[in-house]
Amino acid sequence: MTDLDREISVVLHRVAEREEIPDFVMPTTAAVSEVKVRQSKQVWHRWASMSIATAGAALLVVGVGSYASPDFAATVQSWMGQGEKTLGSEQAPPVSLQEEYPDSGIQNATRQGYTKGIGASTTDQGITINVLAIMADPTRVFVSYQIKKEDGSLIDPKELRKTLDKRIILTDDKNQQLTNGYGGGWDEKYNIGHLYFYPDEKQGSFPEQIKLLIDTQKIGEVKGHWELEVPFSLKEAIADTRVSPVESEYTTPQGLQIALRTVTEAPSSTVLELETKWDESAKKRLAQYSRDLTGKTQNPDYAPFVPYQQYKLEYRILDHNGKDVTAYQQENKRLVQGMLKEGRGSRDQYGHFLWSTAYVPFGESGPYTFVLDAVHMAEPVDLKFEFQPEMLSTEPKSFEYEGNRFTVQSLKKDKSQTPARTVLDLEVASRDIYSIEHVWWELTDQGGKSYPINGAAFDGIGKDSNGREVMRISLSVDEMEEFPKQLTLSLSALTKRYTDVEWSVELP
């Protein structure tokens, strides 16, 4: 038996011996407690008990005795990483790593007893949806499930998420919907599907009592009605989640007010809550930016609020050794360090946001320090590049702008597209440009005809001799049957990276 086999065995025995089958009692409002705010160090405990309420065309309820069932064992093996196979590029499913396999935060929560075997199912038309396990804490909910035929053979779990005629949501104990959407993935070895949910940014965290609702009218090509309701409790997970107030504020030279509000440490993730908004002097400047952009982008309704809303913080969180624990790091196809989700809730149209960013748990290498490195802001520009397409093959056209160099390299037909599109290739050597949206470009010919730019591809290719980051941009151009003799490429805005910031905060 390997060390991983022993670890999985311990987890299975722990959940199998935890308690007898509980009776579900719908909690009253008075029974629902809030997340504690305390200053003590984090202590991990097991997740609260869970019961099953039945609903649907045909629902089989399996209690705590299913905790050590083969299906649940397969789920734990999948989540813990046993038996993973290396996929070639032609086999790899088109999902992100944290979707394909649970991240190390899910693994940590499973080791610590926060994953429950469920065994609730609903059957119709000879097809059964079986919810195998749920990991839940105040910061996220992670569900595993399988779909089986009558003969026991498994159906691709993605079929549940493919149909549009379905509801997959979390609700509170009063049936009020808690989430606007969900993510999904799968483990192809065990044919186990994954669903994961995060609380809304304005909501902050999940309440104590939650229900998972699955209601679908179709699986694959088979029509029917599968409905399943699974209540579960976060009582102990909430009690053992530490929410630490920070309340540190800083205003950047650009007038962006930043407040680091709280740090939440839960079994499966660490979450930072920030609030950002512009000061009054910045709003006056941004109002002028908005006027400058009006009518100059391909989407006129998009332009007025771009300067207010399109900005981003660049920061690190350093442990006591100076290592950035938010930097992406993977091992054996699993995310072991880095960001899980970044959410942004809007308070108004003028750039007042609440940010909720979830990371893989930071671990025990603190104390940790939040360090702001830069602010990215969208700003108007008025750049025009004139060139002759037939001359680009021998003489690419280059332009300088505030230390940044733009080079128009080629204009060519992409016959792999249907209908065929024209591709305009650029190269940008950037000193302080962070990004350029494709809607900010406009291409016109010598007669004033404008050609729609409907997308862009980006490829980083290193640094030039002056230390500038070099990016290749391929713009997808429509409605160009023949190459005009003369073209003008205009740029109305870009996102700049400002590094003149100085703010660090020691986290509790």
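This is a predicted model: local features need pLDDT of at least 70, side-chain atom pairs count only at pLDDT 80 or more; totals for chains, interfaces and linings use all residues.
How many aromatic pairs does a search of the whole structure find? The search finds 18. Here a pair means rings of Phe, Tyr or Trp (its six-membered ring) with centres within 6.5 Å; planes under 30 degrees apart count as stacked, over 60 as edge-to-face and the rest as tilted.

Residues are numbered from 1 along each chain as its sequence is written, and side-chain values use heavy atoms, with hydrogens and water left out.

The protein has eight helices and 29 strands. Those are DSSP runs numbered from the N terminus: helices are H or I with at least four residues, strands are E with at least two. Of its 508 residues, 52% are buried, where buried means under 20% relative accessible area, exposed over 50%, and partly exposed in between (1.4 Å probe, protein chains only).

Now back to the rings. Tyr 311 and Phe 353 make a tilted pair, 5.8 Å centre to centre with 50° between the planes. Tyr 311 belongs to strand E14 (residues 311-318) and Phe 353 to strand E18 (residues 353-359), so this pair links parts of the chain 42 residues apart. Why does Tyr 311 count as buried? Because its relative accessibility is 5%. Phe 353 is buried too, at 3%.

Next come Phe 370 and Trp 503, whose planes stand at 65° with centres 5.4 Å apart, so the pair is edge-to-face. Phe 370 lies in strand E19 (residues 369-387) and Trp 503 in strand E29 (residues 503-506), 133 residues apart. Phe 370 is buried at 0%, and Trp 503 at 9%.

Last, please find an open antiparallel sheet of three strands, in the order E6-E9-E10. Strands pair if DSSP finds at least two bridges between them. E6 (166-172) and E10 (222-233) are at the edges with a single partner strand each, so one side of each has no neighbour in the sheet. E6 and E9 (residues 209-219) pair over seven bridges, and Thr 171 has Lys 211 in E9 as its bridge partner.
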